[in-house]
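Subject: Structure handover and notes

Dear colleague,

I am passing on the structure we talked about, together with notes on what came out of going through it.

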Amino acid sequence: MAIARTVTHYLQSNRVRYSVVPHPHTHTSRETAESLVVSAEQLAKAVVLSDAHGYLMAVIPSNRHVSMPRLSELLGRRLELAPEGRIAPVFKDCEVGAIPPIGPAYGMETIVDDSLVGEPVIYFEAGDHEEVIRVDGETFLSLLRAARHGQFAH
């Protein structure tokens, strides 16, 4: 598989300079960071959550986890992890487990953990398990300019 069409379109429509970085097939974000020999803090990952209001994408560094109590308190919502089978139709141009952390490209409400702010370079899944997108940190945050921010990862 190649870079997801939705991602390509979103990057091009936002006139973003980016590079596609190939890597050996990986199954986890930790493996991806190791295969790229980059800091796990620079590899952003998506965690898709849901509640009665719909889906929410939380964007965090690959070496962290979402604090569900903290995020639920921050947003005033009772969120839970969305089952991959239910969200697959939203990300139909992506392989399961390789969701790009750019919720706006998929029309998804998004929140970004503040720990990603200030990173000089960000890598993120391109939609498969063998490529990532590399952009500068400010550019990554500009792709998520409509997203909320907060401290909810540990």
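What follows takes the pocket, then the strands, then the aromatic pairs and finally the salt bridges.

Please keep in mind throughout that this is a predicted model, and that the values below are computed from it.

**The largest pocket**

The largest pocket has a volume of about 550 Å³, and among the 27 residues that line this pocket, those closest to its centre are Lys45, Ala46, Val47, Glu84 and Gly97. Three elements, α2 (29-36), β2 (43-51) and α4 (84-87), each contribute at least two residues to the lining, and β2 provides the largest share of it, with six residues. If you sort the lining of the largest pocket by class, you will find 13 nonpolar, nine polar and five charged residues.

**Strand β6 and its neighbours**

The strand β2, which supplies the largest share of the pocket lining, also pairs with β6, the two running parallel and being joined by two bridges. Leucine 43 has tyrosine 123, in β6, as its bridge partner. Strand β6, residues 121-125, is mostly covered, with five of its five residues buried.

Strand β6 also pairs with strand β7 (residues 131-136), and here the strands run antiparallel and are joined by five bridges; phenylalanine 124, for instance, has isoleucine 133 in β7 as its bridge partner. Together β6 and β7 make a hairpin with five residues between the strands, and in the turn you will find glycine 127, which has a positive phi of about 120°.

**Aromatic pairs**

The count of aromatic pairs comes to two. In one of them, the ring centres of phenylalanine 91 and tyrosine 106 are 4.7 Å apart and the planes stand at 50°, so this pair is classed as tilted. Phenylalanine 91 and tyrosine 106 both lie in the loop between α4 and β5 (110-113), yet the pair links distant parts of the chain, with 15 residues from one to the other. Both phenylalanine 91 and tyrosine 106 are buried.

**Salt bridges**

The count of salt bridges comes to four, and I describe some of them here with the exposure of the partners.

Glutamate 34 forms a salt bridge with arginine 30, with the closest N and O atoms 3.5 Å apart. Glutamate 34 and arginine 30 are four residues apart in helix α2, which means that about one helical turn separates them. Glutamate 34 is exposed, with a relative accessible area of 53%, and arginine 30 is likewise exposed, at 63%.

In helix α3 (residues 68-75), arginine 70 and glutamate 73 lie three residues apart, about one turn of the helix, and they form a salt bridge whose closest N and O atoms are 3.9 Å apart. Arginine 70 is partly exposed, with a relative accessible area of 32%, whereas glutamate 73 is exposed, at 62%.

A further salt bridge joins arginine 77 to glutamate 109, with the closest N and O atoms 3.0 Å apart. This pair links distant parts of the chain, since arginine 77 is in the loop between α3 and β4 (80-81) and glutamate 109 in the loop between α4 and β5, 32 residues apart. Arginine 77 has a relative accessibility of 11% and therefore counts as buried, while glutamate 109 is partly exposed, with a relative accessible area of 40%. Through salt bridges that share partners, Arg77 and Glu109 are joined with Asp51 into one network.

With best wishes

Definitions and conventions:
Residues numbered from 1 in each chain as written. Predicted model: local features only at pLDDT ≥ 70, side-chain atom pairs only at ≥ 80, totals over all residues. Heavy atoms only, no water. 1 Å grid on protein atoms, 1.4 Å probe; cavity = no way out; pocket = protein on both sides within 12 Å on 5 of 7 lines; lining within 4 Å. Points joined across faces, edges and corners; volume = space filled by probe spheres on them. Nonpolar A, V, L, I, M, F, W, Y, C, P; charged D, E, K, R; others polar. Buried < 20%, exposed > 50% of the residue type's maximum accessible area, 1.4 Å probe, protein only. Pairing = 2+ DSSP bridges. Phe/Tyr/Trp six-rings, centres within 6.5 Å; stacked < 30°, edge-to-face > 60°. Salt bridge = Lys/Arg side-chain N within 4 Å of Asp/Glu carboxyl O.
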